[in-house]
Amino acid sequence: MTVLSVLLFTAQAGAAQVAPIQYWCPVMSAPADSHVETFDYKGIRYFGCCTGCAEKFAADPEKYIEAIEGSQHLVGQALYDPVSRMRVKAGGAHPRLQYKGIMYTFENADDLTKFKDAPESFTKTPDKEVLKCPVLDVTNPEPALNPSYYDADGVRIYLCCHGCINPTHFHKDEYTAKAKPLAAKCAVHIVTADGLKKEAEAN
Ligand SMILES: [Zn+2]
Ligand SMILES: [Zn+2]
């Protein structure tokens, strides 16, 4: 990132819905400045440049993911610190790193260092997911509203609130066994205006 873009980013960080960094549409390989569509897949947020890009992406996400990994452009935005697995908001003073077309945001410098030491171990994502929290049986209306998750037995299990994180540390096997029958292939989730509003309100 250039010094100029860092300065621009800092200046705009307080403004809602402003894209401080330019993301490219993963489907058309064109700048997605206006964020016509916003969609999430495996914890990464993508922006479509025109109506229909999300649908095309959803039809064969892995095909586009492969292209992103070799892209020189910034294409996706990680929703979670991949080390702590906590939901992070892009912007603010958090450390960031662009890796294989994705911008990762970290809760702190320690997480960034751990990631740099072994990025592949943190970017590997299961192919299946469970959106119903096994602790409270709550399903948030959009996956990005979940504050955290954990990966077990080839499944990413989302946790509906902060209070559900500790129980899954202490009774991991029990909750994994409960969640696993609900595992479905990771889907592309279209983010609605309402979802974005809820995200902005969440702490
Ligand atoms: Zn597009
Ligand atoms: Zn929960």
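Residues 24 or more positions apart account for 59% of the contacts in the chain with a separation of 6 or more, a contact being a pair of residues whose C-beta atoms, placed from the backbone, lie within 7 Å. This is a predicted model, in which local features need pLDDT of at least 70 and side-chain atom pairs count only at pLDDT 80 or more, while totals for chains, interfaces and linings use all residues. Residues are numbered from 1 along each chain as its sequence is written, and chains are lettered from A and ligands numbered from 1 in the order in which they are written.

**Figure 1. The chain contains 8 helices and 10 strands.** Helices (H or I, at least four residues) and strands (E, at least two) are DSSP runs, numbered from the N terminus. Of the 203 residues, 33% count as buried. A residue is buried if 20 or more other C-beta atoms lie within 10 Å of its own, exposed if 12 or fewer, and partly exposed in between.

Figure 2. Strand 3 (residues 76-78) and strand 5 (residues 102-105) run parallel and are joined by 2 bridges, with G76 having I102 as its bridge partner.

**Figure 3. Strand 1 is largely enclosed by the rest of the structure, because 5 of its 5 residues are buried.** In a regular strand the side chains alternate between the two faces of the sheet. Here E37, F39 and Y41 point one way, whereas T38 and D40 point the other way. Strand 1 pairs with strand 2 in the antiparallel sense over 5 bridges, and T38 stands opposite F47. The two strands form a hairpin with 2 residues between them, and K42 in the turn has a positive phi of about 50°. Strand 1 is also joined to strand 10 by 2 antiparallel bridges, where F39 stands opposite I190.

Figure 4. Strand 6 (residues 128-130) and strand 8 pair in the parallel sense over 3 bridges; V130 stands opposite I157.

**Figure 5. The largest nonpolar core has 41 residues.** A nonpolar core is a set of buried Ala, Val, Leu, Ile, Met, Phe, Trp, Tyr and Cys residues joined through C-beta atoms within 7 Å. C25, Y46, F57, Y158 and L159 touch the most other members. Strand 8 gives the largest share of this core, 4 residues. Domain 1 (3-125 + 187-201) and domain 2 (128-185) both contribute residues, so the core lies between them; the domain bounds come from an automatic or database domain assignment. Leaving aside neighbours within four places in sequence, the contacts of Y158 include V130, L131 and C133.

Technical notes
Pairing = 2+ DSSP bridges. Contact = placed C-beta atoms within 7 Å.
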